[in-house]
Amino acid sequence: PVMFETLKLLPADPILGLSMAYAKDTNPAKVDLGVGVYKNDEGQTPIMAAVAEAEKQRITRETTKAYTPPAGYPGANEAVTRLIYGEGHVAVLANRVRTIQTPGGCGALRVAAELIQRAKPGASIWVSTPTWANHIPLLGSAGLSLKEYPYYDYTSHSINLEAMLATLKTIPRGDLVLLHACCHNPSGADLSRAQWDQVADVLQERGVIPFVDMAYQGFGEGLDEDTYGLRLLASRLPEVVIATSFSKNFGLYRERAGSLSLVLADAAQADATNSQLLSVTRGLYSMPPAHGAALVDIILHSPELTALWQRELTSMRERIAGLRVDLVAALNGLQQQRDFSFIAQERGMFSFLGLNVEQVQKLRSEYSIYMTDNSRISVAGLRAQNIDYVARAVVAVL
Ligand code: PMP
């Protein structure tokens, strides 16, 4: 008898399926606006110069391949904690923060979900409508129960704050709320500082625990600016869960580097929770991959490499912001029936064009322009030389 015959073939993952279809397309004008990977104006995702230099240093400095500590490089975790919370954050000073290295942001999300499941089996976590599709399996497979709060309004192309706050006010004490620190995926619509203040008030009042996913620190307004909401929550609430990723801001996608940082009620609880956290990771993968985190460690401990990295990150952020402005100018210049200005107000990799499935499929079949069926575009997939082509095609299918 065989066992695996019970497992049937699954349909292709929508985003990976899209990438495969794009790769097979022979149209020289094809444009990939699917996967959220940064690309330069040549359409490439180069290794950042700071990362390449750190790799050279690592080769000469590394003396062993023996296991790292279970939480990863202590120095990297200290530097990453500073990157997340800034200098002198009250929760860090009170010794209430514990940060571990994880296999990417996905690893952080999944480990956090397992830890929450240990603390409170079947706990409810409220996610924005819409949210990144992978949040559902990453959190749900651990046994957490997923609920939704309204967030993005597809008609006004903005956050429906009133509806969001109204739902947050109904959430039972002890539930969790997943918030995107910046560069909301898939909408690109971020809370303003005043809106973060309002959200923090409600969470504090209701005793709801924030779980912040920060996959794009530095891609929105800046490294510190993008943490406004997270630092505020960490200064006001007893417990906060923070998952970060270095895939985008260090361009370390395949190295699987990220962190999970927890704010706990006091130092003793922080030690207790951290011991449970390390037992969770021990049961999953024992310890995180070393290479990507070692590079982050080297960069963040070298003033020269930190400066170089920040310059490169700034240029990526500014390139995306520029593409947003250029796309709006092209779309609004070609027609008056629809105002696309919202795209330039949004931040990070993604925006919704506001097209229906037929229009998206027509862009794919007639123009070789690839985006997910919900018309989410990865803005970094645009280039100076194809913006006009994309804008004309979009207007043609409107
Ligand atoms: N959260 C969000 C919102 C993301 O968009 C991503 C990457 N697409 C991640 C987490 C995790 O990224 P990774 O595991 O590649 O570091």
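The points below cover the annotation, the sheet, the ligand shell, a helix pair and some backbone details.

1. A reminder to begin with: this is a predicted model. UniProt, in an unreviewed entry, lists residues 30-393 as "domain: Aminotransferase class I/classII large". Over that stretch the chain is 45% helix and 15% strand, and its end C-alpha atoms lie 12 Å apart.

2. I would look at the sheet next. Seven strands make up an open sheet with mixed pairing, and their order is E2-E10-E9-E8-E7-E3-E4. At the edges are strand E2 (97-102) and strand E4 (145-150), each of which pairs on one side only. On average, neighbouring strands of this sheet are turned by 25° against each other, direction ignored.

3. Within that order, how do E9 and E10 run, and how many bridges join them? Strand E9 (residues 240-245) and strand E10 (residues 258-263) run antiparallel and are joined by six bridges. Valine 241 has leucine 262 of E10 standing opposite.

4. Now to the ligand. The residues around the ligand are Gly36, Gly104, Gly105, Cys106, Trp132, Asn185, Asp213, Ala215, Ser245, Ser247, Tyr253 and Gly258. Which helix gives the most to this shell? Helix H5 (residues 104-119) does, with three residues. By class, the shell has four nonpolar, seven polar and one charged residues.

5. The pair H11 and H12 is worth a look. The axes of helix H11 (residues 291-300) and helix H12 (residues 303-334) come within 6 Å and cross at roughly 105°, which means that H11 is roughly perpendicular to H12. On the H11 side the contact is made by Ile298, Ile299 and Leu300, and on the H12 side by Leu305, Thr306 and Trp309. By class, this contact has five nonpolar residues, one polar residue and no charged residues.

6. Please check two peptide bonds. Most peptide bonds are trans. The bond from threonine 129 to proline 130 is cis, with omega near -5°, and proline 130 sits in the loop between strand E3 (124-129) and helix H6 (135-140). Asparagine 185 and proline 186 are also joined by a cis peptide bond, with omega about 20°. Proline 186 lies in the loop between strand E7 (176-180) and helix H8 (193-206), and Asn185 is one of the residues around the ligand.

7. Finally, a phi angle. Most residues other than glycine have a negative phi. Histidine 157 has a positive value, near 55°, and its place is in the loop between strand E5 (152-153) and strand E6 (158-159).

Note on methods: Residues numbered from 1 in each chain as written. Predicted model: local features only at pLDDT ≥ 70, side-chain atom pairs only at ≥ 80, totals over all residues. Axes fitted to C-alpha atoms, helices over the stretch in contact; angles between N-to-C directions. Helix = DSSP H or I, 4+ residues; strand = E, 2+ residues; numbered from the N terminus. Parallel < 35°, antiparallel > 145°, perpendicular 65-115°, else oblique. Contact = placed C-beta atoms within 7 Å. Nonpolar A, V, L, I, M, F, W, Y, C, P; charged D, E, K, R; others polar. Near = placed C-beta within 6 Å. UniProt positions renumbered as here; feature names shortened; annotations may be inferred. Pairing = 2+ DSSP bridges.
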